[in-house]
Amino acid sequence: MFYRPENGHGLPHNPFNAIVTPRPIGWISSRGADGGNNLAPYSFFNAVAYEPPQVMFASTSAKADRDGTKDSVANIEETGVFCVNVVSYALRDAMNASSAPLPKDINEFEHAGLEMADCETISCGRVAAAPAALECKLTQIVTLPGAANKVVFGEVVGVHLDDSCLNDGTFDVTRFQPLARLGYRDYSVVRDLFSLTRPDQ
């Protein structure tokens with residue numbers, strides 16, 4: 001099969017999301033200039049640089065009460081900071097609950113039954129139960145082609161790690177089993193690992 005996206009794929013569901021998988025989930029917490037807290041998952045998310053450490057996430061839709069974007073992007077535009085919370089398998093239901101398209105004045109931490117902790121280096125909340133969290137300062141927001149496509153880049157200025165996930169000096173993901181986004185309504189969980197030695201090592 002071959003198709004041009006501009007002409008449509010002819011399938012019951014768009015295969016694009018199922019092709020580019022698995023994708024890590026950036027569970028983004030932010031705080032608006034009015035002090036309101038927001039929490040939302042984004043599956044267009046990744047780390048993009050080591051030194052200094054940097055991450056990105058993309059927002060691809062808009063809410064009627066946010067003038068062409070979503071709560072996360074609007075808050076980050078106002079305050080210049082955000083936090084990336086890592087989603088463990090144990091937090092899957094809370095993550096899903098926080099994806100609801102709620103009005104901007106509703107706190108998703110409370111809606112999902114999550115305890116919020118304060119960040120150390122930025123004025124923002126984070127998911128207390130997350131196995132790791134990355135405190136970020138905004139570096140740039142890039143507008144992409146399309147009605148509401150924006151990519152948010154941030155520099156990581158603080159890192160939280162759950163001590164129970166440290167094993168012989170490494171951050172052991174099998175101890176919390178990170179969630180990954182697949183296509184459609186599907187997810188996966190990381191439980192099994194294998195190692196490969198690169199040719200130059």
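Which residues of helix H2 (residues 71-79) are buried? Select the helix and look for Asp 71, Ser 72, Val 73, Ala 74, Asn 75 and Ile 76: these are the buried ones. Here, buried means under 20% relative accessible area, exposed means over 50%, and partly exposed is in between, using a 1.4 Å probe and protein chains only. Helices (H or I, at least four residues) and strands (E, at least two) are DSSP runs, numbered from the N terminus.

Before moving on, a word on what you're looking at. This is a predicted model, where local features need pLDDT of at least 70 and side-chain atom pairs count only at pLDDT 80 or more, while totals for chains, interfaces and linings use all residues. Residues are numbered from 1 along each chain as its sequence is written, and side-chain values use heavy atoms, with hydrogens and water left out.

Now zoom out to the whole protein chain. You'll find four helices and 14 strands. The radius of gyration is 17 Å, close to the 17 Å that the globule rule gives for 201 residues, so the chain is as compact as a globular protein of that length. (That radius is taken over C-alpha atoms, and the rule is 2.2 Å times the number of residues to the power 0.38.) Draw a box along the principal axes and the C-alpha atoms fill roughly 50 × 50 × 35 Å. Colour by burial, and 39% of the 201 residues come up as buried.

Next, select Ala 100, in the loop between helix H3 (92-97) and helix H4 (108-111). Is Ala 100 buried or partly exposed? Its relative accessibility is 27%, so Ala 100 counts as partly exposed.

Last stop: a sheet. Select strands E1, E13 and E14, which form an open, antiparallel sheet in the order E1-E13-E14. Two strands count as paired if DSSP finds at least two bridges between them. Strand E1 (23-24) and strand E14 (187-189) are the edges, each pairing on one side only. Strand E13 (residues 179-181) joins E14 through three bridges in the antiparallel sense. To see one of the bridges, pick Arg 181 and its partner in E14, Tyr 187.
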